[in-house]
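Dear colleague,

My notes on what I found follow after it.

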There are 2 protein chains.
Amino acid sequence: MSVRPQQPTWVDGAAGGPYDADNLPYAVFATGDGAARVGVRVGDLVLDVAPLAAAGEVPHGEVFGAPSLTPLMALGRGAWSALRGWLVGLLTDPRMRRSVEPWLLPVDDVQLVLPFPVADYVDFYSSLHHATLVGQILRPGADPLPRQWRRLPIGYHGRSGAVVVSGAPVHRPRGLRPERTGASAGPDADVLTYAATQQLDFEAELAFAVGVPTEPASRVSTAAFGDHVFGVQLLNDWSARDIQRYESAPLGPFLGKAFATTVAAWVTPLDALAAAWVPLPGQDPAPAAHLRVDDPAGLDIDIEIAVNGETLARVPYASTYWAPAQMLAHLTSGGAPLRTGDVFASGTVSGPEPDRRGCLLELTLGGTRPLTLPDGSARGWLVDGDEVVLTASAPGSLGGRLALGETRGRIDAVRAAQ
Amino acid sequence: MSVRPQQPTWVDGAAGGPYDADNLPYAVFATGDGAARVGVRVGDLVLDVAPLAAAGEVPHGEVFGAPSLTPLMALGRGAWSALRGWLVGLLTDPRMRRSVEPWLLPVDDVQLVLPFPVADYVDFYSSLHHATLVGQILRPGADPLPRQWRRLPIGYHGRSGAVVVSGAPVHRPRGLRPERTGASAGPDADVLTYAATQQLDFEAELAFAVGVPTEPASRVSTAAFGDHVFGVQLLNDWSARDIQRYESAPLGPFLGKAFATTVAAWVTPLDALAAAWVPLPGQDPAPAAHLRVDDPAGLDIDIEIAVNGETLARVPYASTYWAPAQMLAHLTSGGAPLRTGDVFASGTVSGPEPDRRGCLLELTLGGTRPLTLPDGSARGWLVDGDEVVLTASAPGSLGGRLALGETRGRIDAVRAAQ
């Protein structure tokens, strides 16, 4: 079903690279002189698709003129594949060069905007290594895994209005938190203060963008994952750990995660990841019937976390316990409706090794063992001015590795208006 | 600042009733022959406002022709008051009767739709009586109140895509839950099943609809509440207690509350509640500076819960611990952005008396003491076919009590597609 190019692109400098014809992610871009519209990335260029689609009278081609990916995402799997097939043809058939080349713009010359308004945003907790270590740090002495953790993918709703596109500044939040913010200072801390977080963290995650909605009170089987999910994005779920820890029991995280969530500007279509599916690491006990998947149900995506230009950690999404199709099946298993633009994310991606962890909470063991950056400075938590960049790669269908679009965010000081 | 009519309406049968000129809630309605547009309720009639606004060249009058309240809600406090003043004039000045009367339609002849698409939906936990009793039922032997409960209004994000308008059917959800569903069966129950909830509940709540968004990383002071909040609605936060209890630790409620949330079709503007403000019942300890309010900061709104036409309980919103302005100040205290269409709700409204409780979890003590309905049947939890209706009243500025629009929902069986 998936569209795999038979040959590399003819675009100069792009063949064999991370944005060859087997990738072709979508974004929404604006230039100085035009309205926002859909672009496709190839090499270091953005294809301005709308004029080509109009000239070729491509079915559904009008979606490329929209100021968001929403109309494209709503089309469904058949049209997604057909449009991707047309794009692969444009960018791999050398006879198309003359008509296509005028519509290629340097990516550095365009402004990328939030690719679609997020409807509902759900964050899961699907990495066994993450959940285990977080439990050990936050609830020492107790069983680190919540008892239902292996029975269902635990998740919660986040704030979709706080989702911003890669590059947007992230203001350090204030909040009610204990004056002492050591790892053990929980909700029973005595002295409260309303002040800037002292435990600002990132979380490296993979997000899944829903295209096709559901009928009321219906559910999506694990097998129907690809009928609803349009693509994937890197996501940084910025977290203020002191605020989060104080507020969370019993209704879960709230303001500690509601100030900003950064998503990539580029959405990688599921079709581009056809060569990236791998078996899950194994599930014990076997999940309930409606959560069972046929392997390969995991994705071989490696995420790299850089702070101020230096790599801090590499984390393997393939080590994640719960599969994307299981998260979606669970999410809809009670009839929760899906809308075009819903996003659900993996939660922090962490591998089993101590240095392959997707957040500072884990990498510094709750801030107790600060990391030393190459410039010699120490980080228990993020400081103002820190820039966190997530990048990722996955096997492409042309034999190399393709790139997922980055998420980038720099910490600004608390705003005066706060 | 608020607009108070000096005299009752001239509309036949409406003067002195629950929908007199001091009320005038907004909804979006459709008739067989026209597009959805904004209506204003007076008596048992709906005023079709758009043609009158166009004829009168009323500033901002175009918002009444929209298929949602969103454009009206985005205008802000000055325009809200000006438009309300114009409407009060139309409906109280007898000289207007001839030109206005042709635009009054029987409310039973129109179809009411979701008044605006909900952006982010937050549910609070603001009733001390509710939180205390729920803690006693769910965590017997422990301190019933979470330690931070009196320091901040606890809240969490719900699923905005699951918000439906009054009258929409509510399908009983399935979910992963313990086979035993007694009050004490928590996440450590042994045998799991994916099946229809056996503990379906309602929650009587008051919801606040945000009109004016915030700038990035800014917050709303308690004093600025009325600059952002457009109006209030009754809300029923349907809950599947067995699913909720099993899934909730540590990230909070998820699918147990994500299948349906019913809001009223009618939005009561804050201006209509000018006579309803009352002092809070008292807060100990005093809240942090950014959460302090000047009384009167509570609302004297009585909510009545009826099942199958018989009153089950009456609950006093005035007994609620945390004020609406404190919930909004807390929500935005970390820079979480507000958008037009955000909704935040009180959580279950319960008074101190055992029979003045806003959900079955409390009224039946976790299902252990079923209520007997007037028809002789017992209810530990809702059964298929049950219809739950919330109604409410508040002091109006003409001396009587005005009505808030009802929420109505009937439980349908699990859908076959589930």
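With which side chain does the side chain of B:Thr348 make a polar contact? Please keep in mind, before the reply, that this is a predicted model. The partner is B:Glu203, whose side chain lies 3.2 Å from that of B:Thr348 in this polar contact.

As for its setting, B:Thr348 is found in chain B, in the loop that runs between strand S22 (343-345) and helix H9 (360-363). Because its relative accessibility is 1%, and anything under 20% is taken as buried, B:Thr348 counts as a buried residue. If residues up to four places away in sequence are set aside, B:Thr348 touches B:Glu203 together with its sequence neighbours B:Ala204 and B:Glu205, and also B:Ser127, B:His130, B:Gly358, B:Cys359 and B:Glu362.

I then turned to the nonpolar residues. The largest nonpolar core has 154 residues, and among those with the most contacts inside it are A:Ile301 and B:Ile301, as well as A:Phe344 and B:Phe344. With neighbours within four places in sequence left aside, the contacts of B:Ile301 include B:Leu206, B:Leu273, B:Val315, B:Tyr317, B:Ala392 and B:Leu404. In general, nonpolar side chains in soluble globular proteins tend to be buried together.

The other part that I went through is a sheet in chain B. Five strands form this open sheet, in the order S4-S3-S2-S1-S5, and their pairing is antiparallel. Its edge strands, each pairing on one side only, are S4 (104-106) and S5 (111-113). Neighbouring strands of the sheet are turned against each other by 50 degrees on average, if direction is ignored. Helix H3 (residues 77-92) of chain B packs on the sheet, where it touches S1, S2 and S3 of that chain, and its direction makes about 120 degrees with that of S3(B).

Within this sheet, strand S2 (residues 37-42) of chain B has 6 of its 6 residues buried, and it is therefore largely enclosed by the rest of the structure. Strand S1 (residues 26-30) pairs with S2(B) over 4 bridges, and the two form a hairpin with 6 residues between them. On its other pairing, S2(B) is joined to strand S3 (residues 45-48) by 4 bridges, and in this hairpin, with 2 residues between the strands, B:Gly43 takes a positive phi near 60 degrees. B:Gly39 of S2(B) stands opposite B:Ala27 and also opposite B:Asp48 in S3(B).

With kind regards

Note on methods: Residues are numbered from 1 along each chain as its sequence is written. Chains are lettered from A and ligands numbered from 1 in the order in which they are written. This is a predicted model: local features need pLDDT of at least 70, side-chain atom pairs count only at pLDDT 80 or more; totals for chains, interfaces and linings use all residues. Side-chain values use heavy atoms; hydrogens and water are left out. Buried means under 20% relative accessible area, exposed over 50%, partly exposed in between (1.4 Å probe, protein chains only). A polar contact is a pair of N or O atoms within 3.5 Å; within protein, one must be able to donate a hydrogen and the other to accept it, and residues adjacent in sequence count only if both atoms are side-chain atoms. Contact means heavy atoms within 4.5 Å. A nonpolar core is a set of buried Ala, Val, Leu, Ile, Met, Phe, Trp, Tyr and Cys residues joined through side-chain atoms within 4.5 Å. Two strands pair if DSSP finds at least two bridges between them. Axes are lines fitted to C-alpha atoms, for helices over the stretch in contact, and angles run from 0 to 180 degrees between N-to-C directions.
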